[in-house]
Amino acid sequence: GEKSARDDDEPIHWREFGEENETAIAGSAGFGWLTDQRFGDSTVSVGASASVDHFFFPSASLGVALSGGYARTENPKATGNKVSEQGDAFVEPRFGYVLPISDRFSFYPNAGVRFGVVTSQSTGFTIDAVLDARVLWHFAPHFFVGFGPSFALGLFAEDARGQSLARTTSVGAALSVGGWL
């Protein structure tokens, strides 16, 4: 048989993710449901985020992530208000570094400080230290899907009157889809 223009044994050489002067754009969305059988609470939550990261040096990026969410909790056992709602919005300046694993995979951890506004019965302000560590699969030139753990540590939480609020720590996993120019 005839050989094609590309020999099957040749590796695919795409422009690598994380080269100097590249810009990566990504987004993610989530949905959650939580029940607390002890108190009878049931919470439904939705959230979304978008990020832009620019590689000023090979493998090293500076960027910003914007995110927001909504949660509704119902407690049929509660006396008084049986439903509570909460909305939040965050902006997170961050630093990232790409470590290539293979032609199609890379490890892309990001660390940042997230500033947020949370509304429920009152408005609160939060500051969190955030770490995301995703493995990216580069399934096509200039596109990726990423998945990995995420961690946020509450550093500051205060309501509009200046009273301290509970600082939270969250551990989870995130899936993102994006590309780079």
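**Strand pairing, buried charges and salt bridges**

Q: How many bridges join strand β1 to strand β9, and do they run parallel or antiparallel?
A: In this predicted model, β1 covers residues 23–36 and β9 covers residues 169–180.

Q: Which residue in β9 is the bridge partner of G148?
A: Strand β8 spans residues 143–159. It is joined to β9 by 11 bridges, and the two strands run antiparallel. Within β9, G148 is paired with A174.

Q: Which side chain of opposite charge is nearest to D132?
A: D132 lies in strand β7, residues 123–140. It is buried and has no salt bridge. Leaving aside residues up to four places away in sequence, its contacts include R94, Y108 and F151.

Q: Is S59 buried or exposed?
A: S59 sits in the loop between β2 (41–57) and β3 (60–74). Its phi is positive, about 75°, although the residue is not a glycine. Because its relative accessibility is 17%, and the cut-off is under 20%, S59 counts as buried.

Q: Where is H142, which has a phi near 70°, found?
A: H142 is a residue other than glycine with a positive phi. At 28% relative accessibility, H142 counts as partly exposed. It is found in the loop between β7 and β8.

Q: Which strand holds D128, the salt-bridge partner of R114?
A: The side chains of R114 and D128 meet at 3.1 Å, N to O. The pair links distant parts of the chain, 14 residues apart, with R114 in strand β6 (residues 105–119). R114 counts as buried at 18% relative accessibility, and D128 counts as buried at 6%. D128 lies in strand β7.

Q: What is the relative accessible area of R161?
A: R161 and D159 meet in a salt bridge at 3.0 Å, N to O. D159 counts as buried at 5% relative accessibility. R161, by contrast, is exposed, with a relative accessible area of 64%.

Q: Which residues are in the largest nonpolar core?
A: This core has 9 residues. One of them, F55, touches F17, A24, V98 and Y108, among others, not counting residues up to four places away in sequence. The members are F17, A24, A26, F55, V98, Y108, L136, F144 and W180.

Definitions and conventions. Residues are numbered from 1 along each chain as its sequence is written. This is a predicted model: local features need pLDDT of at least 70, side-chain atom pairs count only at pLDDT 80 or more; totals for chains, interfaces and linings use all residues. Side-chain values use heavy atoms; hydrogens and water are left out. Helices (H or I, at least four residues) and strands (E, at least two) are DSSP runs, numbered from the N terminus. Buried means under 20% relative accessible area, exposed over 50%, partly exposed in between (1.4 Å probe, protein chains only). Lys and Arg count as positive and Asp and Glu as negative; His and the chain ends are not counted. A salt bridge is a side-chain nitrogen of Lys or Arg within 4 Å of a carboxyl oxygen of Asp or Glu. Contact means heavy atoms within 4.5 Å. A nonpolar core is a set of buried Ala, Val, Leu, Ile, Met, Phe, Trp, Tyr and Cys residues joined through side-chain atoms within 4.5 Å. Two strands pair if DSSP finds at least two bridges between them.
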